Amino acid sequence: MDPAAESPPGTLPGEESPEMDLSHRFSKEELALLYQEVLYTILHRLGKPKQQHVGDSQELYSYVQKAFGMDAEEHSAIMQQVMELESPIYCLKATVKEAKGILGKDVSGLSDPYCLLGIQARGQEPAHPDHKKRTKAVVKDLIPEDQIHRTQVIKQTLSPVWNETFILEFKDVETASFHLDMWDSDVVESMRHKLGELTDLHGLKRIFKDARKDKGQDDFLGNVVVRLKDLHCWNDQWYQLEPRTETYPERGHCHLQFLLTHKKRATTSSRTQPSYTVHRHLLQQLVSHEILQHQAGSTSWDGELSSHASTVLYLHATQKDLSDFHQDMAQWLAYSKLYQSLEFNSSCLLHQITSIEYRWVQERLRPEQKAELAESFQSLLTYGVSLIRRFRIIFPLSVPRSKERLQSLLRVLVQMCKTKAFHELCTPSPDLTQMVSTALKSGTAEWFHMQKQHLKPMVKSIEENSKALSKLLQEVIEDLKQCQKIWNKLFSTNLKLNIFSIAYLELESLVAEHVQQQLHEVDSSMSRPTAESLFDLYRKLQELCQMRDSLPNRDGPLALSNFHQWFEEALPLWLQKAYTTTLERAQRAIQMDQLKPYGYHKHSTSTVDLSTCYAQIVTTWQQLNWPDPEKAFMIMVNLLEDMCKISLMYCKLIKERAEALSLSEQNEGEAANKLCIVVNNIEQLRLLMLKLPSQLDWAQLEQRMRGIIDPQQIQNALHNQLHSTVACLDHEVQDVVQALATKLEKGIARHIQELSSSSDTQKPEDSIIPLMKFLESELQYLNEHLVQENFKSLLTLLWQHTLSVLSAAQGPQVPSFQHCQRLFCALKSLELCFHAEGCGLPLETLHSAAFQRLESHLALCSATSRKLIQKYFSNRIQQQLDTSSEKYGAVTIKALYRPSEQKLRVEVLNATNLIPLDSDAHPGAPARVPRGGGPDHPVQEERAAPPLRRSFRLLDPLREVPAGGGLSAADRL
């Protein structure tokens, strides 16, 4: 394994762990001089401590002793040296910024203000308007003239702006006080000039006042007195101008800035090195100590210093009078160097580089400072790019906040390369995006080779190599997923780089080369375990290839475009394994099947197992997704043939299983139950086979085959083979259903025979009760245990058998009236039973030709004489109604037969469409109706009735019969 992988996050190979003390980065002599510097700073501290700083010097001594790793003896020796050094010159760096609201002393109502300032050595309480009388002493009366500083005169204003800085030396901060007097400069002017500036009565009063004072005497505007011991090291605030008298208590305010500094520090570092360099070294030492003391480790340190470290650095920066720019530069140099050793949160660097960019003025740096800053830029850039190159190890997702740390580093590098300082000092400026892209490529290759070495099998064989390759590919795929889902956003946002594309193209090429090297020994004689391991490898390569769809640009083929060709020797073994696995599982499932319903289903467990096996075959086809269309078609043909073989084998074995279970139980009812389950199982298998075209997506395969294989060949190889298998399954279902029907036919025939031989005195409704109870119990059970399609097939067979049994029950001789009644009642009851209010067989199936013939014959044989006569005449009437010919016209008659008198009375009502016979084209002959009795029945003659339309309104029912067609039947006898 690469030794770099064993280093803790944040360290490079060969570097120290963050837990190690970094004091040795300074030599012992350098560390002692730096320690002398910090003790000198604490000893000669100035200013009142701020609230966030440490005021106790002893605490600071203890802190720096720990930070520098000094024991008590070393500390005492260096402290003694510091005590013997000459004290620095204490200075107050005072900046008079501006004033506002001052008094107007000139005739114009404005003033020409200037300031006199200095430090009074002896103690004197500053004037206060509330509890003490204001002093009338001024700076020129309190401070020697050579120690007084003067600002420029700002003409004609009440809000002057000076921004002038003065260095005022003092010896004792406890007794010294700062004094500032503000005056209105008075220049001798002519009376005419003053009158020209006059604007109001108040100005006239000032003219008279000026006349009384000495020529050229300046007017007092106010003063500010501040005790130095009340100041912090750095102050910036507005002070109220105090009056000498009570005349004008409100005299405005003056904006002052103070900085307590040193001059001529006696330490060796201060005398021999630039201030910002010493400050950088001190900052570097304290920050490294702070990081090492951080409980959560260096990577979570956010740059916040302790109050002790902040106090020491603050005192040193103010005493050395370091500008904000130089402090920022020192912090950048220190933090950027420490980051390369400790790798703390880089947000600190972002703050520093932003501050340098904000205050960047190249002319303020000496050549050596420019070189130092440029070197820090180049060093951090090189180090940062090296971290990015190894980001998988340096910023692992298993470590908290790794994503945020990498994002912070990218932002720092981007911001640094955008700064004016970077472009001016680092020429020619490097292309950060190109550097990172190159680093990511090389880092990806390094990571791949490291993983390859780590997963290298101990035993060299094709099987072990395949397993190792699968594990390696799994690592590659997981890495690419992380690049796509997590890292890509960071690099895209900060550098406009697609790290997924970079990593994929690099890894895809490396994987292709490595896999080809490992598979060059593969041939068709490989073992089954080897083939299985190769299939897993094939799937991993397939998943890797599918990820190329996420590439933004895909120009030209990739190295893995035809990887499937490497596995052609293993393909037959994969298909054979799928077949044998499914066959063995199906055989075991049948052996274990007790042919009982599985849960809420009507089929048994073996069908569930077989369905799972077929689903696995479908999954295998989808996983193969063979790119070559012609080869893919042959694979599909093989898979379909295997599933068809297994289906037919299943039908055979499941029927044998049912027979074996039936023989062992010796129960006719249980045997029927087993047959029901067999029927349902085969039906379920048939449905599975019918779903194969959609599950295997034959439509998409046929589209790929277009122009390669003849459609008729596809039809023969796939569709016809499937239809043939389904037809065989249908035949198997029908065979088993027929077997079930045969078992029931005996019972139906027996009950119908009993029905035929029952007594004539028994009612037909009572005689059919045993038959209906038998059918109800048997059909109800079958309906519950058979799927609907098979149950209806069984009903159809039973219905056909029942009709044949009923037909045979009539016998060769003419049956009796009661016998026919029983059979007819049974037929109608069976019709209702098999129809079951629409839940059974449809009426179209029930009303077959055999049923209609049998129904008609039994209806006639079971009818009474009166009903037969009625039926006869009804048929005759229907025949006449169906007659459409009116050759001789039509006549309407009414007939009445009286049985008691044995007379038939016929009344002719009217006639229509008669043939004209008279010369005037009108029929005039009377109607002659012969009586059917003999000579005792004379012929009656009557004239034709009114027109037919009128006759229909008078009589009902009316019938029309053809003229000359003989006597018609009446509605009622």
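At 33% relative accessibility, A836 counts as partly exposed, because the partly exposed class runs between under 20% (buried) and over 50% (exposed). This is a predicted model. The phi of A836 is near 50°, positive although the residue is not a glycine. A836 sits in the loop between α29 (817-835) and α30 (843-846).

D321 also has a positive phi, of about 55°, and is not a glycine. Its loop lies between α9 (307-319) and α10 (324-342). With a relative accessible area of 31%, D321 is partly exposed.

Most residues other than glycine have a negative phi, and most peptide bonds are trans. The table sets out the backbone exceptions.

| Site | Backbone value | Loop |
|---|---|---|
| D321 | phi of about 55° | between α9 (307-319) and α10 (324-342) |
| T427 to P428 | omega near -5° | P428 between α15 (420-425) and α16 (432-454) |

The peptide bond from T427 to P428 is cis.

Next comes a helix pair. The axes of α28 (residues 788-808) and α31 (residues 849-861) come within 10 Å and cross at roughly 30°. Angles under 35 degrees count as roughly parallel, so α28 and α31 are roughly parallel to each other. The crossing of α28 past α31 is left-handed. On the α28 side, W799, L803, L806 and S807 make the contact. By class, the contact residues are six nonpolar, one polar and no charged.

Methods: Residues are numbered from 1 along each chain as its sequence is written. This is a predicted model: local features need pLDDT of at least 70, side-chain atom pairs count only at pLDDT 80 or more; totals for chains, interfaces and linings use all residues. Side-chain values use heavy atoms; hydrogens and water are left out. Helices (H or I, at least four residues) and strands (E, at least two) are DSSP runs, numbered from the N terminus. Buried means under 20% relative accessible area, exposed over 50%, partly exposed in between (1.4 Å probe, protein chains only). Axes are lines fitted to C-alpha atoms, for helices over the stretch in contact, and angles run from 0 to 180 degrees between N-to-C directions. Angles under 35 degrees count as roughly parallel, over 145 as roughly antiparallel, 65 to 115 as roughly perpendicular and the rest as oblique. A crossing is left-handed if the near helix is turned anticlockwise from the far one by less than a right angle, and right-handed if clockwise. Contact means heavy atoms within 4.5 Å. Ala, Val, Leu, Ile, Met, Phe, Trp, Tyr, Cys and Pro count as nonpolar, Asp, Glu, Lys and Arg as charged, and the others, Gly among them, as polar.
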